[in-house]
Amino acid sequence: MSEAEVQKHDVIMIGAGPAALAAAVYTTREDIDTLLFERGVVGGLAAITDMVDNYPGFAEGIEGLTLAQNLQNQAERFGAVIELGEVTKISDEGDYKRLETTSGDMLARAVLIATGSDYKKIGVPGEKEYYARGVHYCATCDGAFYRDKKLVVIGGGNSAIQESIFLTRFASHIDLLVRSSIKASDVLQKELQKYVDDGKITVHLNTATDEIVGSDNVVTKVVGTKEGAKVEFETDGVFIFVGLVPNTQFLAGSDIELDEIGFIKTDKHLMTSMRGVFAAGDVRSGATMQIASAVGEGATAALIIREYLEGKLVPTSEHAEEIITPQPC
Amino acid sequence: MPKNITIFTTNTCAYCAMVKKYLSAKGHTWEEVNLDQNPERQAEALQLSGALTVPVTVVTKQDDSREVIVGYNLAKLAPAVA
């Protein structure tokens, strides 16, 4: 590809989850040429969540996949273009940032990184070996394979509880292994109690997972430790929801500063350590990992990017910027 | 261009929607086997893919050779249907 053929855009957004889609609604409505790159699923983790109950505006909750499709439809209605592919590197060329992508090199005046996060692995023996053959991270994708079968779910946060409840549609019984105590919201804990009372879910607190065991390519049990004693849970499959890791592997070796866990550091205007590159949503250091806050950060980032593109966001010191003529929307 | 494409899906699978979105963007048609509606075909999906997951995309080429793509994997799906 010659340099003359390299696509140029005002804004390229890396990721097409709630933060990027919300940002795209705002930038495209301002006629800012916007391209989104998505390597996974449009809507991000929201799209693979069974039910979203805490996103404002939906009194009865909304299915994650439906919410994701609505966000996508809204952004596309205003002209956002979503390309299915991957950005592998970002470099600073002054007024433009160069993105190496699976569709070739591209240039953007501003970049929004909104790549979100993925479910964390627990790193025990058997987890990798039985991946997709008994070990899973997506209940809405793989739960249907466990009709009338026994399951183990590992985790004690909102996702673990929400997805355990979803999996009761299929499974005959679920053992929920929680390393310490349940951290899910009170609402979810009350909902969980109904399934515990019905005998569909058994909660095992203070239970660490040590190994996922199988034979003949099939998972047969989970071995753990509870109060110093070995415990075993016979099962046909395991679903793991033990926290999130940021999708920032593609930034390794770049000039964009990450925190000690790998989330992207930003200033008060959501700008990263590379001028003209912004971050929003779950991938940002300090994010609250909520769809509502990701959408809010996306909208905020879009308005700041507009100021940046118009030359109204000027550096005042290293890593400090001021909007010199704020423009309310 | 493949001879035909079959996708095993479920109702709630977002990655299945992504496979269909990609194939649609490239002008392909496909047969969809929804395992929520046809649970008796789960064993077939498992036998083809070796995995308890969807989407499973089966691409039959013009020479009747077959490629099975497990999950939403553009690096494998794109060349398989090119």
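Which residues does Gly85(A) touch, not counting residues up to four places away in sequence? In this predicted model, Gly85(A) touches Phe37(A), Arg39(A), Thr101(A), Thr102(A), Ser103(A) and Leu74(B). Contact here requires C-beta atoms, placed from the backbone, to lie within 7 Å. Gly85(A) sits in the loop between β5 (81-84) and β6 (87-93) of chain A. Helices (H or I, at least four residues) and strands (E, at least two) are DSSP runs, numbered from the N terminus. Gly85(A) is partly exposed, because 16 other C-beta atoms lie within 10 Å. The cut-offs are 20 or more such atoms for a buried residue and 12 or fewer for an exposed one, with partly exposed in between; the C-beta atoms are placed from the backbone. Ala114(A) is 29 residues from Gly85(A) along the chain, and their C-alpha atoms are separated by 14 Å.

Residues are numbered from 1 along each chain as its sequence is written, and chains are lettered from A and ligands numbered from 1 in the order in which they are written. Because the model is predicted, local features need pLDDT of at least 70 and side-chain atom pairs count only at pLDDT 80 or more, whereas totals for chains, interfaces and linings use all residues.

Chain A is assigned domain 1 (3-119 + 244-323) and domain 2 (135-240). These bounds come from an automatic or database domain assignment. The C-alpha centres of domain 1 and domain 2 of chain A lie 33 Å apart. Contacts link five residues of domain 1 of chain A with nine residues of domain 2 of chain A. On the domain 1 side, three of the residues are nonpolar, one is polar and one is charged. In this scheme Ala, Val, Leu, Ile, Met, Phe, Trp, Tyr, Cys and Pro count as nonpolar, Asp, Glu, Lys and Arg as charged, and the others, Gly among them, as polar.

Strand β8 (residues 104-113) of chain A pairs in parallel with strand β1 (residues 7-14) of chain A, over seven bridges. Pairing requires that DSSP find at least two bridges between two strands. Ile14(A) has Ile113(A) as its bridge partner in β8(A). Strand β7 (residues 96-101) of chain A pairs with β8(A) in the antiparallel sense, over five bridges. Two residues separate β7(A) and β8(A), which form a hairpin. Strand β19 (residues 277-279) of chain A and β8(A) are parallel, with three bridges. Leu112(A) stands opposite Phe278(A) in β19(A).

Two bridges connect β10(A) in parallel to strand β17 (residues 237-240) of chain A. Val135(A) faces Val238(A) in β17(A). Axes are lines fitted to C-alpha atoms, for helices over the stretch in contact, and angles run from 0 to 180 degrees between N-to-C directions.

Three further strands form an open antiparallel sheet, in the order β14-β15-β16 (chain A). Here β14 (207-215) and β16 (229-234) of chain A are the edges, each with a single partner strand, so one side of each lacks a neighbour in the sheet. The twist averages 25° from one strand to the next. Strand β15 (residues 218-226) of chain A and β16(A) share six bridges in the antiparallel sense. Lys221(A) lies opposite Glu234(A) in β16(A).

Chain B contains three helices and four strands. Its elements run β-α-β-α-β-β-α from the N terminus. The radius of gyration of chain B is 12 Å, which agrees with the value near 12 Å for a compact globule of 82 residues. This radius is taken over C-alpha atoms, and the globule rule is 2.2 Å times the number of residues to the power 0.38. Of the 82 residues of chain B, 35% are buried.

Between the chains, 22 residues of chain A are in contact with 20 residues of chain B. On the chain A side, α3 (64-77) and α4 (139-142) each supply at least two residues. α4(A) gives the most, with three residues. The chain A side comprises 11 nonpolar, seven polar and four charged residues.

Technical notes:
Two residues are in contact if their C-beta atoms, placed from the backbone, lie within 7 Å.
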